[in-house]
Amino acid sequence: MGTDGQQSAGGLHCLVTGASGYIGGRLVPELLQAGHRVRCLARSPGKLRDHPWARHTETVRGDVTDADSVAAAMRGIDVAYYLVHALGSGSGFEDTDRRAARIFAEQAHAAGVRRVVYLGGLTPRDVPERSLSPHLRSRAEVGRIFLDGPVPATVLRAAVVIGSGSASFEMLRYLTERLPVMVTPSWVHTRTQPIGVRDVLRYLVGSAAMPEGVDRSFDIGGPDVLTYAEMMHRYAVVAGLRRRLIVSVPVLTPRLSSHWVGLVTPVPAAIARPLTESLRHEVVCQEHDIAGYVPDSPGRPLPFDEALSLALRRVREAQVATRWSSAAVPGAPSDPLPTDPDWAGGSLYQDERRLPVRASRESLWKVVEGIGGDNGWYSFPLAWAVRGWLDRFVGGVGLRRGRRDAERLRVGDSLDFWRVEEIEPLHLLRLRAEMRLPGLAWLEMYVEKDAEGRIHYRQRALFHPRGLLGHAYWWAVSPFHAVVFGGMARNITQAAAKGMSARESRSDADRVRRLRGRRRVRR
């Protein structure tokens, strides 16, 4: 397990759940760097395949609500990280969280695991648990389940996590950048204690080596205690923006606030609501005992402004390792593309187009892999925008999630209201829809070469309807396919051809300059 000298013989064997998520995807390489061996438990192991660290780890298929798969994943494990929660997964999410935590604690004990490490939420002091938001209450209960269990546990409690791609950072960033003047909920004047993601990861890694007798929770936070309004003002300074005018009103409930956030930022209401609910009460660390076990070096934890600067630099340099949208969206379909047209006893509608391309395979693939985000979808931008607005209106993710990286994709990446289900470089990009639909949908883009060596672009849109409404939806939108999908195919091939023509033009210009230079020499 592991190569390139990344793991020592004395390292611990760690199980990481939630490795496809924001924190988990960053924790794995940190554990490897510290010399530990890592096994990942994932419902869809394929989502981890393209991560740079994947070849140094073991991945097993399973779900934290399935005792058998958790038991299998726990075999031979020293430290088990629990980094999952049922955020926004319906009215029964608290029961799901409770059941999953109990299974995890029981199976850790049965397997002889030395320690469970859980990252939860910082809860307000002197506020009864019943008065907390359902999401904060559930995370507090999960931490209590681990602390009451037979395996020593480290429960880290954090408030706002600041790092490139985190939901909290994206919410802060877009609110501040897009609204120079804003009418805000009253919670913008509630104090909180943000922490940089680098420090969260440092504490998580350090928790693996805690003495056996340590079985408790730790508050973790940065050195600054700020209101959300102060955080927005500080962001404006760090980002070089003018000072923002903030007017708070008491009438915006957390539910209304989440829709306001969803309207202005890429973070959908389903994710924004627990974030805004957690800001209703003051959440400030009551102790910093973690430093007795994971010592702080000078300048750590990072000050808020420095954490912001690092996050912004990562965003501007397109070096965002994971994003809040790395994990599956609550309620989004997770079924893989069916191979049988009569899958599940139903229909599979298709819109397929194939066009020749006067470009190299590499030029065409560059356009295909660069699709979405700021690059757009190569057809009828208004139609795509309207579809994104409609999706946001009904609680979906809309088009504004963008891309993790401007040029490269990997399996599991979110891409506007799609998710990368499969990618075969220079050949196939398959996207699964995460927009609100009466059925399941995929979009496939192929780069192909025929027997005579000519390059073709093939595109398939597939839809598996759910019930009568699903069939009606397909037939209602099918008249627009010629404009949307037909235009998309034509414009992608033209973009690839223009890319090649531009290079050819530069080559021609170079040749002309060389010829002119030779003539001048002869003269």
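Reply: C40 counts as buried because its relative accessible area is 0%, where buried means under 20% relative accessible area, exposed over 50% and partly exposed in between (1.4 Å probe, protein chains only). C285 is also counted as buried, at 15% relative accessibility. A search of the whole structure finds 0 disulfides, a disulfide being a pair of cysteine sulfur atoms within 2.5 Å.

This is a predicted model, in which local features need pLDDT of at least 70 and side-chain atom pairs count only at pLDDT 80 or more, while totals for chains, interfaces and linings use all residues. Residues are numbered from 1 along each chain as its sequence is written, and side-chain values use heavy atoms, with hydrogens and water left out.

The helix to look at is helix 10, residues 304-316; helices (H or I, at least four residues) and strands (E, at least two) are DSSP runs numbered from the N terminus. Its 13 residues should span 18 Å at 1.5 Å a residue, since the expected span is 1.5 Å times one less than the number of residues. The end C-alpha atoms of helix 10 are 18 Å apart, which agrees.

Buried residues of helix 10 are F304, A307, L308, L310, A311 and L312. They pack against several elements, including helix 5 (167-178), helix 6 (197-207) and helix 7 (228-238). Helix 5 meets helix 10 at an angle of about 85°, with the axes 12 Å apart; axes are lines fitted to C-alpha atoms, for helices over the stretch in contact, and angles run from 0 to 180 degrees between N-to-C directions. The pair is therefore roughly perpendicular, the class for 65 to 115 degrees, with under 35 roughly parallel, over 145 roughly antiparallel and the rest oblique. F169, L172 and R173 of helix 5 make the contact with F304, L308, A311, L312 and V315 of helix 10, contact meaning heavy atoms within 4.5 Å.

The loop between helix 9 (269-277) and helix 10 holds P301. The peptide bond from R300 to P301 is cis, with omega near 0°. Most peptide bonds are trans, and most residues other than glycine have a negative phi.

Elsewhere, Y378 has a positive phi of about 65° although it is not a glycine. Y378 lies in the loop between helix 11 and helix 12 (381-393) and counts as partly exposed, at 25% relative accessibility. F380 is found in the loop between helix 11 and helix 12, with a positive phi of about 40°.
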